[in-house]
Structure formats: structure tokens, C-alpha cells
Amino acid sequence: MWTSVSANDFCGPFHSHAMRWVVAYATGGALLLYTLYKWLIPGAVRYHGGLALIWHSVIAEWILDTLTRSTRPQRLLAAVHKKATRGNPRSVVKAIDEFCNQNEWAMNVGNEKGEILDRVVSETNPRCVLELGTYCGYSAVRIAALLPPHAQLITLEFNPDNAAVARQVIAWAGVGDKVRLVQGESGEWIPKLKEHFGVQTFDLVFLDHWKNRYLLDTKLMEECGLLRKGSVLLADNVVCPGAPDYLEYIRTSPRYKSQYFKSHLEYTKAEDGLEKSVFLG
């Protein structure tokens, strides 16, 4: 007696075995991609500033924006709301640093260079400060937390979405009474600062915006009479990504006395630094 055998009798075990291989392969691939994204690539680029910037600020940011349907500033703000104590600027700074060290890189001045910024602010003891490039408000919070009573910080941010997040970060830190955030182009606003804010000169200027604007805006501040004898300019990222034309000008001009503070690109081990320049008049 013959027993009929269907194709399913052979395909069933084969199909089950193949599916297990597909699942295993997909899982292994996902784990490999996650390992590459989370540890291997960040570890490989952390000593090379250019590669670190390409990976963190272009590729990784695009991946996370696509997957989460949000932006890095929005995710940073969520971390502040979750971990920082309202009205406590130091806890806001700490929450952002933890987010950038443990979750994803962001282009703040960072904890290492932030300590240099703190020292310069404390030594200068400024009454009137200008920041060019707010991003998400990290350095604005650091600066404002160290300002004496009745001092003011004017911070300019070109990107309206970043400015919206920065306003919330600054408010959460409880330093909104000392900070005036202006959304717009630095080249447009610098000539209008005296008229709009009653500013005569700035005691301290922190440059942390587009690097190709450092020199242009410094010369514009000179032309507009916003610098006095003793005004301090502190410029971030002068090595990575770099501002060579600014450094050449500020280091060779008889109108400035400059000092370089060697450090590292925010949240990496790649060399970067801050240039402190005192305006001599």
C-alpha cells in the first residue's frame, strides 16, 4: 500500500529551519549595527575631531532624528526636564553633560571647556556679556549662573528651532531674568545692539557660532564701538573645526593680547581649545 506524501511534509521542517536562520541572522545583524553605532564607531572617531564631527553631527544625528521623529535639541530638552531640578542651573548643566556623554553627542562647549569658560567669566566678573551662538542654551546657563546681580547676557541664535529650545532650557534653569535671547543673524543684530538694548560696550564676548563669522563679527564689533579697553573675547572651537583667519588676526593685531587654552572637542578626546583675547583699545 502506497502512502501519499505532500510537499509540505518536506518543506515544513526546512521552512522552520530556514526561519530560525533568518531570525538569527537578522538579530545578529541588528546587534552588530547597534554595536557599531553605540560603541565601535564613536570609539574609533573620538581622537579625530573631523571624523567625530561628521559622525556625530551629521550621520548619527540623522539616524536618530529619523528613528525618533524628533530633533537632537528636542531630545536634549527632554533630558533636562527629566533629570534637572527646576531653578537649579548647575543641575541643568549636569543633565546636559550626562545626556551628551551617555546618550548622544551635542555641540555645546561641554564640561571640560566649560570649566575654562567658568574661570574666564569669574575672573572677568562682567556686567554685560554677549554670546554669539546659543544652540540649546547650555553655555548661556553656565555664564548666567556666574553673573553678579543686575548683570545681563545677550545671546544670539540664528536657528529659530534651536532658539525655541534654548528659551525653555534657560527658563528651566531659572536664569531667564539675566538672559536676553535674540533670534537672528549676528551680522544683522550686532549693529543694532546699542539701540535695542541700551548697551554701550561688552565686558565679555563668547564666540561659539559659525566659525567663518568669528573674524567678520569681531571686526564688526570693533566698528560699532562695542568693545572697550579690557573687553575680553573668548572663542570656542578655534582648533576643531577651527577658525584660522580669526586666530591669525587676533594673535597678530596690536589691539589684542591673546592666550590659548588647550583642551578637547566637546565630549571627545580630539584636540580643541579656547582663545582668550583682551582688547587693548
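Q: How many salt bridges does the count come to in this structure?
A: A salt bridge is a side-chain nitrogen of Lys or Arg within 4 Å of a carboxyl oxygen of Asp or Glu, and by this rule the count comes to 15. The model is predicted: local features need pLDDT of at least 70, side-chain atom pairs count only at pLDDT 80 or more, and totals for chains, interfaces and linings use all residues. Residues are numbered from 1 along each chain as its sequence is written, and side-chain values use heavy atoms, leaving out hydrogens and water.

Q: Are Glu104 and Arg75 buried or exposed?
A: Relative accessible area under 20% is called buried, over 50% exposed, and in between partly exposed (1.4 Å probe, protein chains only). Glu104 and Arg75 are both buried. Across the protein, buried residues make up 48% of the 281 residues.

Q: Where do Asp236 and Lys113 lie?
A: These two form a salt bridge whose closest N and O atoms are 2.7 Å apart. Asp236 is in the loop between strand S5 (227-235) and helix H11 (238-242), while Lys113 is in helix H5, 123 residues apart. Both Asp236 and Lys113 are buried.

Q: Which residues touch the most other members of the largest nonpolar core?
A: A nonpolar core is a set of buried Ala, Val, Leu, Ile, Met, Phe, Trp, Tyr and Cys residues joined through side-chain atoms within 4.5 Å. Of the 54 residues in the largest core, Leu76, Val92, Ile96, Ile143 and Val169 touch the most other members. Helix H7 (residues 160-173) gives the most to this core, with seven residues. Another core, of 29 residues, lies apart from it and includes Trp189, Leu220, Leu227 and Leu247.

Q: How many residues of helix H6 are buried?
A: Helix H6 (residues 138-146) is mostly covered, with seven of its nine residues buried. Ile143 is one of those buried residues. With contact meaning heavy atoms within 4.5 Å, Ile143 touches Leu117, Val121, Val129, Leu153 and Phe206, not counting residues up to four places away in sequence.

Q: What describes a pair of aromatic rings?
A: Such a pair is described by the distance of the centres and the angle of the planes. Rings of Phe, Tyr and Trp (its six-membered ring) pair if their centres lie within 6.5 Å; planes under 30 degrees apart are stacked, over 60 edge-to-face and the rest tilted. The count comes to four aromatic pairs. Trp189 and Phe197 form a tilted pair, 6.3 Å centre to centre with 40° between the planes. Tyr249 and Tyr256 form an edge-to-face pair, at 6.2 Å and 65°. Tyr249, Tyr256 and Phe279 form one aromatic cluster.

Conventions. Helix = DSSP H or I, 4+ residues; strand = E, 2+ residues; numbered from the N terminus.
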